[in-house]
Every structure is written in structure tokens, then in C-alpha cells.
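This report covers aromatic pairs, charges over rings and the surroundings of a ligand. The sequence and the model come first.

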Amino acid sequence: MDHNKWHQMSVNELLAELDVHAESGLQEEEVTLRREQAGHNELSEGKTVSPIALFLNQFKDFMVLVLAGATLVSGLLGEYLDAVTIIAIILINGILGFVQEFRAERSLRVLKQLSAPSAKVIRNGKFEQISAKELVPGDIVLLESGDRIPADVRWLETNSCYTEESALTGESVPVNKHCGAIAGDDLPLGDRRNIGFMGTMVTRGTGKALVTRTGMNTEMGKIAHLIQSTEEMETPLQHRLEQLGKILIGVALALTVMVVVAGILHGQPALGMFLAGVSLAVAAIPEGLPAIVTIALALGVQRMIKRKAIVRKLPSVETLGCASVICSDKTGTLTQNKMTVTKLWIGGSHMDVSGEGYEPVGHVTAAGRPVELKQEQGLRRFVQISALCNNAILEEQQDTPSAKGMRGAKRSIVADPSSTWAVKGDPTEGALLVLAAKLGMTSSNLKGIYNRTQEIPFDSDRKRMSVIVDHQGGRLLYTKGAPDVLMERCSYVLWEGKVVPFTHTLKQRAIAANAEMAKQALRVLGVAYRELKPNEDLQDEQIENQLIFVGLGGLIDPPRKEVREAIHKCRRAGIKTVMITGDHQLTAEAIAGQLGIVPRGGMSVSGVQLSQWTDEELDKVVDQIYVYARVSPEHKLRIVKALQRKGHVVAMTGDGVNDAPAIKAADIGIAMGITGTDVSKEASSLILSDDNFATIVAAIEEGRGIYENIRKFIRYLLASNVGEILVMFFAMMAGLPLPLIPIQILWVNLVTDGLPAMALGVDQAEKDLMEQRPRAAKENIFGRRLGWKIISRGFLIGICTLAAFWLTLKADNSSQQLVHAQSVAFATLVMAQLIHVFDCRSSRSIFHRNLLQNKYLVLAVLSSVVLLLAVLYVEALQPIFKTVPLSLRDWAITLIMAGIPTFLLGFGSIISGRKSSFKRNRAQQRSIRKVV
Ligand code: ATP
């Protein structure tokens, strides 16, 4: 049907046109039929690199082409065997590179899919959460503040619903949507106020809509080629390494030229030297580095997924390791978000509510005596408002549901595994429904008597929610929200069954009751109401004033069990944890106390106090503040900026639409997988699929581990390359013959660049990884003496290989003299690197780690040793690699020389470590003596 017609039709015409019922939605069979016609609701992907192109890319490298050319020349000159082998090695290298890059690409694609959007639909008369891809025209979708609209829709119902459509219309101010028909054939998109466009965001309110078009038929689909997502997928480190790679190419080439020139000057044959030079250049250029970095990142990111952290932007993996402050929401992240009303304060009397979880079984008692709904007018009103000013659904489940895959704070399923009762929606509201049900009041038995007509949805800025209810010809406004916010709007109070003025004394009693509950770590909600005059409606600014206060409800939300330990771990790792919450300051302080967030001397402040401070005043105290309570989302941005001004790398969580700016501004923006809105998720760089604080800490640990692993294989690869170049360079300078022939150089490169380096990329972290302070954000990858380690180990590997070569050359007078010495040099170089690879696992020395812990590395090294033995001892391979079998004496030289670089420096570091710890102890003793 012509898309120009959707906005012109009435709701009933639309439903008839798309043959669907607004309450029950489509039936499953119909969905299948329509999907066959319309296809999946997806925008077609942008261009992807084909595997063949990726494979061919491996051979584009200039030096590889030169090597291939030079090999061809030597082939033409009769060195067939050499030429074939070198080409084979180039091919194997290319295949390895291809596999590495292909894996990296695939992992990145999987990551993108993980953050794919979902949609809330009504199908077969039931509410379901499905992947947005599954939507078909005719589906009925539910949308709320923070959702990304999953297809082109026509609004059927709206409650103060605004959408942000700038991506499509250029209009930056959110547009108020309605559901009436609009006349006019060729209306610009911006004027189609009853249409919701795929990809635009609901910034306020809620609504129900009918899917009219999906996938490439949507307005977004028409411009899909312009907006192909350009998510940042290269990290700063990768970028820097690419630049470094260019410098290293220059250095390697310069040294190679020197080697070649020196060789020729000392009488080596020019063609042989040229080929050796080109092989050396190919070997010394760390072309595998970027791919291994990507793999280390991608595999690390997959490990994070297993630990429930989904990385949306790859660069954040690096930043994670630098995080020095985590600002965390309280509800659901530090606590379980399993709310239960346990206390009430109504009309001056305190009441207790029994029962656990979401099962609607329990009693209300006052001073130990049961309270009946019939006798207590205040309680009746309280429960009525709780049940009607509420969007949650309390359901008995057939089988134990799981929270997995559900999202949307207002409609997520939070299941209590011990019971078959579950709440769909906001757990706070769910708890109120459970309270009402405990007293026999459910939405179904209120229906028909009290009819809800309009709603002002809850949001964290307003901290309250209101609905209009029609009752016996009159209209009532029912409101619930944060007690302090609500009390300001109340002029009367329901006291002992009567409506009386809310005097200062009565208000003080209510404030004291609120504080008492909050101190017990309860989340407190106030409830109020009033009768509306006929002309009042929700657009009226003053409608939530002059209310009658009914009472307070206290909800427990226990802390998550694993969080206390996670916070402790953070402290040891030099990371500060800050709680930011919309809840009351006393509630926040009580929970912070239970979790051990605030150290001695730490402060807690409220949003009101925060608003009064200037930025300079905030900067002075920001380091001492551990709890921010009753804050609004915009406060979060100020907190992030203040911490950043103090030099911190800030991780900040958030779930609502208004949290997005702070999430974006933070160094690591973290969104909630279960309760988070699409807007917050899209602003984030990390999503917690279990909403759990402990997951952030796990992600930081992984982030640190990944960075250290990258340093490990950079150290290994570069030290190996330095060794390879230097052995040739020193030999040429000393006027010695070539210690390694081209094939051997290429072979060493293959063995080192390949499996062992990759195995280092997935190495286990050192035990004290989370005992160290976060690394500085500006730290150079070669910082903390890595550059020195590369040069010193590389230098020693070069010298020791040359020594092994020279010793053998001197001791052998046979005609095989040179081949023999070259074989020993070859074996020494390979073994030196294979020993050094274990050294790279530790920031101290080889003696600090269990050698067999990394099984991949052990396997990689063993297979490299077997290959080396094959090259030395298999007769068929000897002529190709120009080797002879090594004797026991040769092996003794080889292993001693190969071990020196690692063991010499290892012992050195132990001795210097002892000396410095001895000095530290002496200094400590001296200072203790001074104190005494
Ligand atoms: P945190 O940032 O720790 O997650 P929060 O998000 O729970 O805190 P808000 O949701 O902004 O904080 O809630 C602030 C206050 O608003 C609560 O203390 C409560 O009194 C009130 N409140 C929470 N949910 C609702 C709701 N659905 N309806 C009305 N009032 C609510």
C-alpha cells in the first residue's frame, strides 16, 4: 500500500487494513505468512570484505612482493628448490595471516550482532519480547521512553509521547506524537506526527503502535546506504601500533641495507646477500602484529561475554584497564532489584508486611495485630493507588522464567526462582502490586469500578508518576513517588480516616517516618491523591498540586551478594567505587554501609547540595565523595566531568534516556542489559547483560589482562625480530660468513610470528593483576621498562646466536663447516626465542610463573620444537633448509646459548629484586625505629 496513506487513516481503518486486533495482535501463523512476504525487518548490510579479497590482501605487502620477485629471479638462476620453498613459506605465512584476520573479523561481527535491538510486541494475546528482526507489518508494538522504534509504525495510543527524529528529519527538538489521522497527501516526514519512524528514539512517555513497514521498505531503509553504522572498531593502541609498524619497517629496512652492504663489502656474493637481505626484512617486519592485537582483543572480548560484559566499542577494552573510578547506580546494579514492601506508615501508624518475594501471600500487622483492609480506610486507599498507579503485571508462571534476554525497566521480567510468581515491569511497581494482592486487591477486581484513563509516566527527573482514574462519574488523580518530592505537593493528609490539613507537625512526623525507614536501607515511596475538577487534565502544570497525602511504603531491595567482595577487590586494585542513586540519602548511606563503599573520611552528598556547589567547589571535594543520593540524571554528567578534571578515568553506569549524556561523556559508558533503555545502550561502550556491578569489575580485570597480553606478545615478537637482525648485522660487521640463510630466516619468522605469539595473546593473567594500581591512560605501550626488555633480550639473543655460530665454525674444519655452524645458529635462534616466550609471560622473570599453566603456549612451543627437529634430522628436509643433524656437543652449545638471554636476565632480576626488597626492608626498619 502507498506509504502516503498511513497517516491519513483512522486507527480503526488502519487495523482493518492490516487485518489485526489491537488487543491481541497477530497470530503466529499469520506472522509466518507475513514474514514470507515482507522478509526480515533488517536493513541490508554494508559492503563486507570477501574471504578471497582478505586472502589476497595478505600478499599486498611491498616486502613480500619483493621477496617473491627475488625468489623468482633465484629460481630462474637455477635455485629451484630454494625458490619453491620460499614461495611455500610465503604462502603459509599468508594463510596464517588470513586465518588470523578472518577470525578477528568474524569475532567483531558476532560482537555487533550481540547488541542487536529487540522489540516488545503483543502476539497471540500475549506480551512478548522478540528480536526486532522478527517484526512483520501488522505487529502491535509497545514503546516507552528510551526505546528505539524498531520499524515504521503508526501510533495507536500515546501517553505524553515524544520522539527524537533528527537522523531522519533534521529536527533536533523531540516531536510530540499523537494518534489521530492527519490529512494531506505529500506531507513531509516531520509533519507526520502520528507516525513513528524506524531508528528514531522515544525520549518521553509511552505508547502502543502498529507496524506498517519493515526492513528496507521503511523510511530509514530508503537512506540506509547513508547511515551504515560506523561503530568505532579500532582501538587507539591498534592505531598507534599501525604507526609504530611503519617506523619499524623503516628501521628494519635501514638495518637490512646495512647488512647487505657490509656483506657485499666483505666479499659475499651480491645475489645471495640481496636474497638474505630481503628475507631478513620480511622476517624483521612485524606484519603479524596488528592481526594478533585484534585477535587478543576479540578473544578477550569473548571471554568478557562469558563473564556477562558485552563490549560495544572495542577501544573501551583498553580504557577499562585504566579505570580509576566506577560510578555505579544503586538499584539493580549494587542491589538485587527484587523489591518487597515490608513496612508501611499510614495515617500516623507503623505497619509491617509479611511474606517474601513476589508471591502474593502475607499479612499486614500493626503492633503485632492484623490490620483488615475493610477497617482501615487509609490502608485501603494506599493499596488502591498502589495497584492503579502502576504499569507492572504480576503473573503466576507455568515454568520458572528467566530474566535472560528481557529488557526495558518498565517491562522486564524479574523472576524469583523460588516461586512461580513473576513481575513483568518495574520491580518497584511489582512490589506494590504484590502488596495489593496480599490484601486481596488486584487490577482485575478493580477493573470496571476504577478505570484508568491517562498517565504521566514515571521518570527519574520528576521522581513521581500520576494517573487519572474514573470512578462513579468523578475523576481522581492518583500519584506515587519519592516522599520528599510528593510531600511538597500535598496540602492535606488522610489521618485516622479523615482528610485534614497537612500541618507542619504532621509533615514533620511523615518526614521522620520516611527517615526511619530509609535508615533501615528501605527504598521509600509516598502515595497521594485528589479529586479532579471536570476541566482539569494532565496537560495542566498544576494538576499534581494540592494533593492529599496517604502514607509511605518501605521496600527492601537486598544488596547483591557478590558486590561487597567486588568493591573490596576494586579498592585493592586502586579503583574507587562511587554510588549514584535517585534514592533517599539515608537509604543510600545504609546500603553503602552494608556494601563497604565508604572508607573512613568518605562523604555522602545529596543532589540538592550538589546543585548548590559551583564546579570549583565540587572539584575540591569530589575525591572524598563516595555516595551521591537523590540525584537527577543531569547531575551524573557533572560528576563525570568533575572526576575527569581530577585526572580520573571514569566508568559510569546508567539505564534511562537521560543518563545517555553522562554515559557518553564517561571514559567507559556502561549500560544495563536487562533494565537499560535502547538510548542508554547505544550511548554506552559496555553493556552488562546481568546488570551486575561485579560484572564491571570482571570486565576491568579482563581489560587489564588483555592489555598485558598485548604487551607480552609485542615484547616477544619485537625481541625476536631484534635478535634476528642483530645476529646478521654483527656477523656482517665482523666479516663472518652469513650465519643464517634466507630460508632459515623465513622459517624462524614463521615459527615465532605464528603460534607462540598467538598463545601469548590468550595467556592467563598474573596473580597480582588486580593488586596493582590502574595504569595511566597516557602510558606508552613500551612503558614500565618494556622497551628496555625488548632491546636487551633481543641484543642478547643476537649475540648468543652469533656466539654459537662462531664457536661451531671455529671447532669444525670439515667441508661441512659452514652448513654445520649455520645449523647450530639456526637451532640456537629458534630455541632462544622459544625459551624467551616463557619469560614474556611475566612482568618480572621466567621464575615467577608456572611454566605449564598456559597449555596453548606449551603446545605451540612443543610443536615448534618438533618442527625444528624435523628440519634438522629428516633427511628429505636437510637439503631444502641446508642443515645437518646436530651432535650432543652442538646441542649443549645451542641450549646454553639459547638459555643465556632469559636465564641471565632472570637471575639478574631476582638478585636486583632481592637487593631492592632488602633495601626497602632496611628503610622500613629505619623508619620504624625513628617512629619508636
Ligand atoms: P538508582 O540510580 O540507584 O538506580 P533509581 O534509579 O532507583 O536509583 P529512581 O528510579 O530515579 O532511582 O527513583 C528515585 C525515587 O523515585 C525512588 O526513591 C522512589 O521513591 C521513586 N520511585 C522509583 N520508582 C518509582 C515509580 N515507578 N513510581 C513512582 N515513584 C518511583
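The model is predicted: local features need pLDDT of at least 70, side-chain atom pairs count only at pLDDT 80 or more, and totals for chains, interfaces and linings use all residues. Residues are numbered from 1 along each chain as its sequence is written, and side-chain values use heavy atoms, with hydrogens and water left out.

**Aromatic rings**

A pair of aromatic rings is described by the distance of the centres and the angle of the planes. Here, rings of Phe, Tyr and Trp (its six-membered ring) pair if their centres lie within 6.5 Å; planes under 30 degrees apart count as stacked, over 60 as edge-to-face and the rest as tilted. Seven aromatic pairs are found in a search of the whole structure. One of them joins phenylalanine 55 and phenylalanine 98, which are edge-to-face at 5.7 Å centre to centre, with 85 degrees between the planes. Phenylalanine 55 belongs to helix H3 (residues 51-57) and phenylalanine 98 to helix H5 (residues 80-114), so this pair links distant parts of the chain, 43 residues apart. Helices (H or I, at least four residues) and strands (E, at least two) are DSSP runs, numbered from the N terminus.

Phenylalanine 98 is buried at a relative accessible area of 18%, while phenylalanine 55 is partly exposed at 25%. Buried means under 20% relative accessible area, exposed over 50%, and partly exposed in between (1.4 Å probe, protein chains only).

Tryptophan 747 and phenylalanine 881 are also edge-to-face, because their ring centres are 5.3 Å apart and their planes are at 70 degrees. The former lies in helix H25 (residues 742-753) and the latter in helix H30 (residues 878-881), so the pair ties together parts 134 residues apart in sequence. Both tryptophan 747 and phenylalanine 881 are buried. Elsewhere, Phe729, Phe730 and Phe795 make up one aromatic cluster.

Charges also sit over rings (NZ of Lys or CZ of Arg within 6 Å of the ring centre and within 35 degrees of the ring normal). Arginine 381 lies over the face of tyrosine 529, 4.2 Å from the ring centre. Lysine 576 has its charged end over the ring of tyrosine 626, 4.6 Å from the centre.

**The ligand**

Around the ligand are 19 residues, of which Lys330, Thr331, Arg523, Thr581 and Asp583 come nearest; a residue is near if one of its heavy atoms lies within 4 Å. The table gives side-chain polar contacts, that is, pairs of N or O atoms within 3.5 Å.

| Side chain | Ligand atom | Distance |
|---|---|---|
| aspartate 426 | nitrogen | 3.0 Å |
| serine 460 | oxygen | 3.2 Å |
| threonine 581 | oxygen | 2.9 Å |

Taken alone, the ligand exposes 620 Å², and the protein buries 94% of that (Shrake-Rupley method, 1.4 Å probe). Helix H13 (427-438), strand S19 (474-481) and strand S22 (523-532) each give two or more residues to the shell. S22 gives the most, with three residues. The shell residues divide into five nonpolar, six polar and eight charged. Ala, Val, Leu, Ile, Met, Phe, Trp, Tyr, Cys and Pro count as nonpolar, Asp, Glu, Lys and Arg as charged, and the others, Gly among them, as polar.

**Two single residues**

Tyrosine 626 is in strand S26 (residues 625-629) and is buried, with a relative accessible area of 14%. Histidine 239 is in helix H8 (residues 236-265) and is partly exposed at 40% relative accessibility.

Technical notes:
A polar contact is a pair of N or O atoms within 3.5 Å; within protein, one must be able to donate a hydrogen and the other to accept it, and residues adjacent in sequence count only if both atoms are side-chain atoms.
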